[in-house]
Amino acid sequence: MAVPVNVSTVVATEREQVRSRRSRGAGRGGREARPPSHRRQSFGLFLTIVPFLVLIFVFSYLPLYGWIYSLFDYRPARGLFGSEFVGLQWFRMLVGSPTQVEQIVQVMLNTLAMSFLGIAASVLPLAFAVFLNEIRAKWFKNLVQTITTLPNFISWVLVYMIAFSMFSSTGMVNGLLENWGVISEPLKFLDSDEHVWLKMTLWGIWKTVGWGAILYLAAIAGIDQSLYESAKMDGAGRFHTMWHITVPQLMPTFFVLLLLAIANILNNGMEQYYVFQNAFNRETIEVLDLYVYNIGMTGGNLSLATAVSMLKSVISVALLLAVNALSKRVRGTSLV
Amino acid sequence: MSRPVARRSLLAGGLSLPLLGLGLSSCSSGPGAEEGPATPFPTAWDDQATIDVFDGLANQMGEQPGWFGHLVADEFALTLNVIAPNVAGGGDTLYNTRVAAGELGDLVLTDVGQKLDELIEGGLLMDVSSLYANMDSASRFDDAVQKVNEGKDGIYAIPTQVSSLKPTEPSEGIDPTFGPFVRWDLYKEVGYPEIGTLEDLLPVLKEMQDVAPEADNGGRVYALSLFNDWDGNYMNNAKQPCCYYGYDEVGFVLAKADGSDYQSILDSDSLYVRVLQWFFDANQMGLVDPDSTTQNYDSLFSKMQGGQVLFSFWPWQGQAAYNSEANMAEGKGFMIAPLADQKIFSYGAPAFGARQVFGVGSTAEDPERVAAFLDWLYSPAGVYSNSSQTMGAAGPQGLTWELNDDGKPELTDFGRDALLGDGATVPEEWGGGSYTDGASWLNVTTVLGNDEDPETGHPFNYKMWETYQQSVSNPLTEDWAGVMGGYATTMEYLNDNDMVLVAPGASYVAPQESSEVETIRNQVKAVIVENSWKMAFASDQATFDALLKDMQETAEGLGYQTVLDVDMANAEEQNALRESVAAEFG
């Protein structure tokens, strides 16, 4: 299977390029002015980054070689070069009929919709941290933080078990509602295609909001206390300091995390949808990674799956550029 | 996971192509195949060994425990490490991963046709020609072995479900594979109403559900309870009633056993859509378990054991779950309640074995021992011990059964407890543990249970023994026989009333299809399964109709017609083969 370019690699490599451009410039400028010993020194510095360049090459660029699978009719038993070379057949198939295109569009729509809902929800950990920070009772603060962080360490399979025991047709919620006489037929929480995007986002928030707040709490601890003191002397209230000091001070952290969150949504967004998928919600829950998995692993066509997964690289780059533009507009500086 | 392998072969290819060719050819011959022994297999083995058995039919994974494990260790000093893709889940994921790694298992159970051919081409299976010479038990069915290996450069595959029965005779023993089986005690309570056709079953089930709304275990009773983990080309449950009318699937085609009709399942008037409508109606009547959409086979089975389900699509399901000796003594259990217009599909004894075949992996360290074990599976001792219990395997002679004074096979007291009662604990010298837990995990029938054991002259299947049939009469079967006209078994009743349609066992294998067709098939499958479930649980008739239309259009758009043409041709070819086999053997 192809491993598409992931965003962090792009970031890292572009940074490398910037760095190497700079060092090249420095080298040119220094050639006449500086003694040769400086060149040796910069070569030494260059050597220190070589291991990382090698790592990036091995783990981020070499896997791109896997894209070649999309040009073959790959049969595992025969090996890649025992399989037939089919050129662009799989790509043609993807756009071959309106229904195929419709499916891809639907998958893209699911991916982007849930990604952006997730991104929109990424202000929640920040808000949560800001408010949590205002709590004076330390034991209560710790308790809340522990309870909200815990779900992050539960695997999605177990989350689904919890969801199933609570929300299945014979689950706790339906049982209670039936006992109370609110409903006569069980409500279908899990096996229906209504509000799937929203439901999935809510599960995601429940699982990650506490964990996400940790970094912000650390960042808050690092804010210069004199800022608060001077603000208070100027008569700022609690909400004023939160809004005018804490939040702006957290912005750099927020944007870096936002960037990482986007990369993570695209790379790790599968297990959740995989465990929650069923015949009733598949149409609206199938994200790109899951679609690739369903075609490649369940459907047994690794070549077509490779072709589809290349789409993921396209989305990755598009999202990265979108966030970068946002960052430029809000903060005046770009991230990459 | 497949990447490193490919990268390796790229390097090899880049260095020198001849080298790559060399690598492949050295793979396909495999160790020990050529210098195989001409002497018979040893009777004792010194060192203990473990072999990987890749078994596409197994439902348990890990080392074979219990009495069967003990037996194999005694005979061959072998431990079987069963690798079960069914347990691992995710379709062919496990298969593809292992194949890409170049090692599927020491003993492999795979499908004839595309999979087998690819494994041979890829050098993953060994030519066992020289070992086959010593496989006395398997070579009793030499015709079938030669047929499967036709056109291949050696002996790579040993077919399963071989028999010496005529292909025009049912391969099933006393019950068909499919059939409308209901809780007979409740059917009796509502007065044995006659059932004209499939649709007439619903009001009867409704009455039965109303009579017993709650099971003994306190759970709510539903007439129908469905599950989704066996879904393939279709929603599995919805295909079963099609078999009550003599149809079986060939891809997206429903083909009648006698070749008189072929239906595209998506046609609005197809039997499949009729069954979906039937499910929908049942659900509207409150007959369908709401857990159906999320439960799997195991949870359904335990509900059946608890008496919470009143209809079984198959005899071997409901009866295995509920017809315990205790229940039957009270007259409770699953029996067939015939539909007046049924023509139940029956698989004829396969002339050349079933789809699944055994092969020996090319990386097997001790191919001789693997072959000896494989051969044992075809010997009477192996057949009795290995075959799955639902197929009527009696178990090892001396433990569960023995020859009585008249020389007829008869279950021992232990055997009756183990096979018909609530289970039994195996004596220590046989390996200990519960009998059921210790049964063979291979879940494959090597020789058909209806076939005659050459040593006793009676069938392998204990349910067909006279001694068994005389001894198991109970209030349930007596009541059933009384109503049905004195028949001893379901098969006898069906045969006499012309309610069974035997498809001659032609051992047909569909030709390899292009990856493109396969891919479209997989996409369409997903659409069909998805929409079928939605249709069965649709809120009203209009939604049902809209979903049907949506299913037809989406499938059509994905290229359904292309796949259907392939399947139609296959179905017709299969029928031609059936006719020729029937003419040859019949």
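Chain A exposes about 18400 Å², and carbon and sulfur atoms supply 67% of that area. The model is predicted. Of the 336 residues of chain A, 43% count as buried. Its secondary structure comprises 15 helices and two strands. Among contacts in chain A with a separation of 6 or more, 66% join residues 24 or more positions apart.

**The sheet of chain B**

Six strands of chain B form an open sheet. Their order is 2-3-1-4-13-5, and the pairing is mixed. Which strands stand at the edges? They are strand 2 (62-63) and strand 5 (158-159) of chain B. Each has a single partner strand, so one side of each is left without a neighbour in the sheet.

Helix 6 (residues 114-121) of chain B packs on this sheet. Helix 6 touches strand 4 (107-111) and strand 13 (356-360) of chain B. The direction of helix 6 makes about 135° with that of strand 4 of chain B.

| Strand pair (chain B) | Sense | Bridges |
|---|---|---|
| Strand 2 and strand 3 (residues 78-83) | antiparallel | two bridges |
| Strand 7 (residues 247-250) and strand 8 (residues 253-256) | antiparallel | four bridges |

Strands 7 and 8 of chain B form a hairpin with two residues between the strands. In this hairpin, B:Gly251 takes a positive phi near 60°.

**Where the chains meet**

The size of an interface is often given as the accessible area lost when the parts come together. Between chain B and chain A, the buried area is about 3700 Å². Carbon and sulfur atoms give 53% of this buried area.

Charged side chains also meet here. Five salt bridges are found by the rule across the interface of chain B and chain A. A salt bridge links the side chains of A:Arg78 and B:Glu121, at 2.7 Å from N to O. B:Glu121 lies in helix 6 (residues 114-121) of chain B, the helix that packs on the sheet.

Technical notes. Residues are numbered from 1 along each chain as its sequence is written. Chains are lettered from A and ligands numbered from 1 in the order in which they are written. This is a predicted model: local features need pLDDT of at least 70, side-chain atom pairs count only at pLDDT 80 or more; totals for chains, interfaces and linings use all residues. Side-chain values use heavy atoms; hydrogens and water are left out. Buried means under 20% relative accessible area, exposed over 50%, partly exposed in between (1.4 Å probe, protein chains only). Contact means heavy atoms within 4.5 Å. Accessible areas come from the Shrake-Rupley method with a 1.4 Å probe; for residues, only the protein chains shown count as cover. Two strands pair if DSSP finds at least two bridges between them. Axes are lines fitted to C-alpha atoms, for helices over the stretch in contact, and angles run from 0 to 180 degrees between N-to-C directions. Buried area is the accessible area (1.4 Å probe) that two parts lose on being put together, summed over both. A salt bridge is a side-chain nitrogen of Lys or Arg within 4 Å of a carboxyl oxygen of Asp or Glu.
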